[in-house]
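Here is a set of questions and answers for a reader meeting this structure for the first time. Each answer works toward the value or name asked for.

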Amino acid sequence: MVHRFTLTTPLYYVNDKPHIGSVYTTLAADAMARWRRLQGDWVCLITGCDEHGLKIQRSAAAAGVPTRDYVDRMAGHFAALWQRIGISHDRFVRTSAPRHHRLVHEFYERVRSNGHIRLGQQQGWYCVACEEFKDVDSGEDGTPPRCEIHDRPLEWRDEENLFFCLSHFQEPIAQLVEQEDFIGPASRRREVQRFVEAGLRDFSISRVNLPWGIPVPHQPGHTFYVWFDALLGYVTALCDPDGPQDLATALGSGWPAQLHLIGKDILRFHAVYWPAMLLAADLPLPERVFGHGFLTREGRKMGKTMGNTLDPEALFAKVGVEPVRWYLLRDIQFGDDGDIQQKRFLDLVNNDLANTIGNLVNRTVSMSRRWFGGCVPPEEKQQDDAPPHPLAAVAGATTERVSRCFAQQDLQGAAMATLALAEATNGHLSEQAPWSAIKDASRRDAVAAVLYGVLEATRLVGLCLQPLVPEFSNRLLVQLGCDPLDSRHDGLPPGAWEQLVRWGGLPHGQTLPEASPLMARLELDGDL
Ligand code: MSP
């Protein structure tokens, strides 16, 4: 049976164009989706835009543009960027689409008829940038407290709202966040557990005086709180845009999600509020929520006021997509905070991709072509007791390790294991020095064996690189005369990956195209 794998990026706010934070989550999700496709899963990678709320309404007003036009334009930037950098999403959902409204209404009616909605008075300090009430006291001198994340004054609210009865779910949520696999990385579980232990309080899910939102049925003047509607975007996304838009359809189309990938700042929404909302509607819960860390630049928080933001479009135009993918996924332990450093970026991309892997392929293909008629060396006359190739065991351990890493969202681990195989292969090549051995005609078979082993290990490097740097991986595979992989669409049938990574898969005698550099060394004129 085909295994389904639904995974999501956050739905990005359209108050502005995509930033490097949204790019980071999206690249990581793309790598994971590609990995699952190679494992034969039926993957649905969901991304999209979160388009309601006061923050967006105000951004549109500040730009002097009708809100609808503004969100259309911004959502267009996201869609265009993902297209430009080859993100393999299966669905792009927009929460301002009418089809989403219908689903939110159906969901709300379920939760309400199950007795988990009440009217109440909402008083508190609100951060518009976070779109969240903050549990803080007013300053002594009456000045509004500031948001710790955005360093802006909070706004006071005192209005009648509808509340979602989160308190009804204290027990099941406490149990859920205890489960080992629900929250990743493990280091973030404790902070959510503490929040739950402090006691879950009902939260308001409607707003008055906020026209840019989905109207609440039977509650004139109220629109839904942006987070209440946004999380449901994941469910809407599963319904075929041309088919029925309802919960039953979504349930049959890949819900529950196997993985929500998000940043650590929105973990509470995904690991506490969202599962409680789903329980309130008698819907199944996502299997795992993984909160990655935040990116800084040269040790400093990025921000417009700091003048040190990294514009993704300019960045990709300058250095291309693959170097950025490789650097972010290889250098940052996924889950931890990470610092983008220009020098390190250049060093890693040039050392790993251009030198360690690129030169390895180039040299080996050239030697094989020169000495073995443009082909992968022929099979040696096998002796029954011939020992396995020394690289075979390293390669086998690598592909197993890569599998384990992907299963735990350890993208850095997968990248490092692959790189280690390339380094071991380089080491083997230097040690065996086929360029000397070939001068001795009696050692031609031994040279053939060395080169075959190196080419084969290189093929496995190329396969393992596919989810991380798909274009680079395909150039590598084609350089060995192999077919490129399509991890963007259908991927592979179940079981095919295991076949593909079995040692000895590279056909002896296969024609090798003329060697050409896999990646030119990257030089930078100015800043990233
Ligand atoms: N709209 C909500 C998500 C709703 S999901 C139903 C939202 N959007 S966001 O656009 O503000 O943020 C999207 C993601 O970008 C978050 O996961 C956030 O953690 C991430 N990042 C924002 N700045 C970041 C960095 N500097 N570094 C890494 N990721 C960061 O929240």
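Q: Is Asp 151 buried or exposed in this predicted model?
A: A residue counts as exposed when its relative accessible area is over 50%. The value for Asp 151 is 52%, so Asp 151 counts as exposed.

Q: Which residue forms a salt bridge with Asp 151?
A: Side chains of opposite charge can pair when their charged atoms come close. For Asp 151 the closest N and O atoms of the pair are 3.0 Å apart, and the cut-off for a salt bridge is 4 Å. The partner is Arg 146.

Q: Where do Lys 343 and Asp 347 lie, and how many residues apart are they?
A: An α-helix has 3.6 residues a turn, so residues three or four places apart point the same way. Lys 343 and Asp 347 form a salt bridge, with 2.7 Å between the closest N and O atoms. Both lie in helix α13 (residues 342–371), and their separation, about one turn of the helix, is four residues.

Q: Are Arg 34 and Asp 30 buried or exposed?
A: The two residues form a salt bridge, with closest N and O atoms 2.8 Å apart. Arg 34 and Asp 30 are both in helix α1 (residues 20–38), four residues apart. Both Arg 34 and Asp 30 are buried.

Q: What is the nearest side chain of opposite charge to Arg 189, and how far away is it?
A: Arg 189 belongs to helix α6 (residues 186–197). Beyond its neighbours within four places in sequence, Arg 189 has contacts that include Val 177, Gln 179 and Ile 183. Arg 189 is buried but has no salt bridge, the limit for one being 4 Å. The nearest side chain of opposite charge is Glu 180, at 5.5 Å.

Q: How many residues of helix α12 are buried?
A: Helix α12 covers residues 321–331. Among its buried residues are Glu 322, Arg 325, Arg 330 and Asp 331, along with Trp 326 and Leu 328.

Q: What is the radius of gyration of the chain?
A: The chain has 19 helices and 15 strands. For 528 residues the globule rule gives 24 Å, and the chain comes close to this, so it is as compact as a globular protein of that length. Its radius of gyration is 26 Å.

Q: What share of the contacts in the chain with a separation of 6 or more is between residues 24 or more positions apart?
A: Of the 528 residues in the chain, 56% are buried. Among contacts with a separation of 6 or more, the share from residues 24 or more positions apart is 77%.

Notes. Residues are numbered from 1 along each chain as its sequence is written. This is a predicted model: local features need pLDDT of at least 70, side-chain atom pairs count only at pLDDT 80 or more; totals for chains, interfaces and linings use all residues. Side-chain values use heavy atoms; hydrogens and water are left out. Helices (H or I, at least four residues) and strands (E, at least two) are DSSP runs, numbered from the N terminus. The radius of gyration is taken over C-alpha atoms; the globule rule is 2.2 Å times the number of residues to the power 0.38. Buried means under 20% relative accessible area, exposed over 50%, partly exposed in between (1.4 Å probe, protein chains only). Contact means heavy atoms within 4.5 Å. Lys and Arg count as positive and Asp and Glu as negative; His and the chain ends are not counted.
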